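Please look over the sequence and the 3D structure shown here. Keep both in view as you read the report.

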Amino acid sequence: TIIETSTKKKLAGEEVAIGDVCFKRNGVFAMELGGPEVGRGCGGRGIIHGFELLEKLGFHDWDFDYVLLDFLGDVVCGGFASPLQHAERAGVVTANDFDSIFAMNRIATAINAKAKNYGVRLGGVIANRSSATDEIDRFNEATGMKRLAHFPDLDVIRRSRLKKSTIFEMGDAEGLDLVQREYMNLAERLWNGTEALPVTPMKDRELFDFLGFD
């Protein structure tokens, strides 16, 4: 990871090169940020350090067709929110349950706040590992969000992670074609560009009443 490699290089008195932290697989360049040891450091600070290193290595000068940043949605922490300063569109990955939608609402609030000073805008929501999307769709209709994709709770997704494979490297499996098509549809939507959504998040109490049961 970037954090692990930079720590080792620093202790050895060496500089980090891009080849130390970047690898290529099937035409895609990828990097894994990593983080501090559990219980011994701030994950948000690790993200900030990682971006500082990437900027030092010339991240903004690299000529890529598309850059995808994948981060945890703990936007209460300034470090976890810092990737929003580098993004054009933010897609929220969530599940069809109260806790996930609550987190999505907080993320939407944070993105709107960042949008006042940076170019990032909300692009939509990706329903993940959920058999249904009724609660997500209800939230979207009330707030102005839109669903970009829906990945059902299929076992092939779980097994792809265990096999350290992408969905497109898996052999024949139940539901595989469905998931592959949905990934390609999502990729096409992102490639063509998503509109900036004028989302109006709910206050916490309002969301509790909206999603809660009597």
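The report below takes a few parts of this chain in turn.

Keep one point in mind from the start: this is a predicted model.

**The nonpolar core**

Begin with the inside. The largest nonpolar core has 22 residues. Which residues have the most contacts inside it? They are Met 104, Ile 111, Leu 122, Phe 139 and Met 145. Several elements each supply at least two residues of this core: β3 (89-94), α5 (98-114), β4 (121-128), α6 (134-143) and α9 (204-211). The helix α5 gives the most, with five residues. In soluble globular proteins, nonpolar side chains tend to be buried together.

Look at Ile 111 in particular. Leaving aside residues up to four places away in sequence, Ile 111 touches Leu 84, Ala 90, Val 120, Arg 121 and Leu 122.

**Two strands side by side**

Now turn to strand β5, residues 147-151. This strand is mostly covered, with four of its five residues buried. β5 pairs with β4 in the parallel sense, and the pairing runs over four bridges. To find the place on screen, look for Ile 126, which stands opposite Ala 149 in β5.

**A helix with a buried face**

Helix α1 spans residues 2-11. Which of its residues are buried? They are Ile 2, Ile 3, Thr 5, Ser 6 and Lys 9. Seen down the axis of α1, these buried residues fall within an arc of 165°, so they line one face of the helix. An α-helix has 3.6 residues a turn, so residues three or four places apart point the same way.

The other side of α1 has Lys 8 and Leu 11, both exposed. What covers the buried residues of α1? The cover includes α2 (18-21) and α3. Just after α1 comes Gly 13, with a positive phi of about 75°.

**Residues in the loops**

Loops can hold buried residues too. Leu 33 sits in the loop between β2 and α3. Is Leu 33 buried or exposed? Its relative accessibility is 15%, so Leu 33 counts as buried. Its contacts, not counting residues up to four places away in sequence, are Thr 1, Ile 2, Ile 3, Gly 46, Ile 47, Gly 50 and Phe 71. Leu 33 and Thr 5 are 28 residues apart in sequence, and their C-alpha atoms are 9.7 Å apart in space.

Gly 39 is also in the loop between β2 (28-30) and α3.

Thr 194 lies in the loop between α8 and α9. Thr 194 touches Arg 89, Gly 123, Leu 148 and Arg 189, again not counting residues up to four places away in sequence.

Two further loop residues have a positive phi without being glycine. Phi of Asn 26 is near 50°, and Asn 26 is found in the loop between β1 (23-25) and β2. Phi of Arg 129 is also near 50°, and Arg 129 is found in the loop between β4 and α6.

| Residue | Relative accessible area | Class |
|---|---|---|
| Leu 33 | 15% | buried |
| Thr 194 | 15% | buried |
| Asn 26 | 64% | exposed |
| Arg 129 | 31% | partly exposed |

**Aromatic rings**

Tyr 66 is partly exposed, at 43% relative accessible area. Trp 191 counts as exposed, at 56%.

Ring pairs also link Phe 98, Phe 102 and Phe 208 into a cluster. Another ring meets a charge: the charged end of Arg 138 sits over the ring of Phe 210, 4.3 Å from its centre.

Notes
Residues are numbered from 1 along each chain as its sequence is written. This is a predicted model: local features need pLDDT of at least 70, side-chain atom pairs count only at pLDDT 80 or more; totals for chains, interfaces and linings use all residues. Side-chain values use heavy atoms; hydrogens and water are left out. Buried means under 20% relative accessible area, exposed over 50%, partly exposed in between (1.4 Å probe, protein chains only). Rings of Phe, Tyr and Trp (its six-membered ring) pair if their centres lie within 6.5 Å; planes under 30 degrees apart count as stacked, over 60 as edge-to-face and the rest as tilted. A charge sits over a ring if NZ of Lys or CZ of Arg is within 6 Å of the ring centre and within 35 degrees of the ring normal. A nonpolar core is a set of buried Ala, Val, Leu, Ile, Met, Phe, Trp, Tyr and Cys residues joined through side-chain atoms within 4.5 Å. Contact means heavy atoms within 4.5 Å. The arc is that of the directions from the helix axis to the C-beta atoms. Two strands pair if DSSP finds at least two bridges between them.
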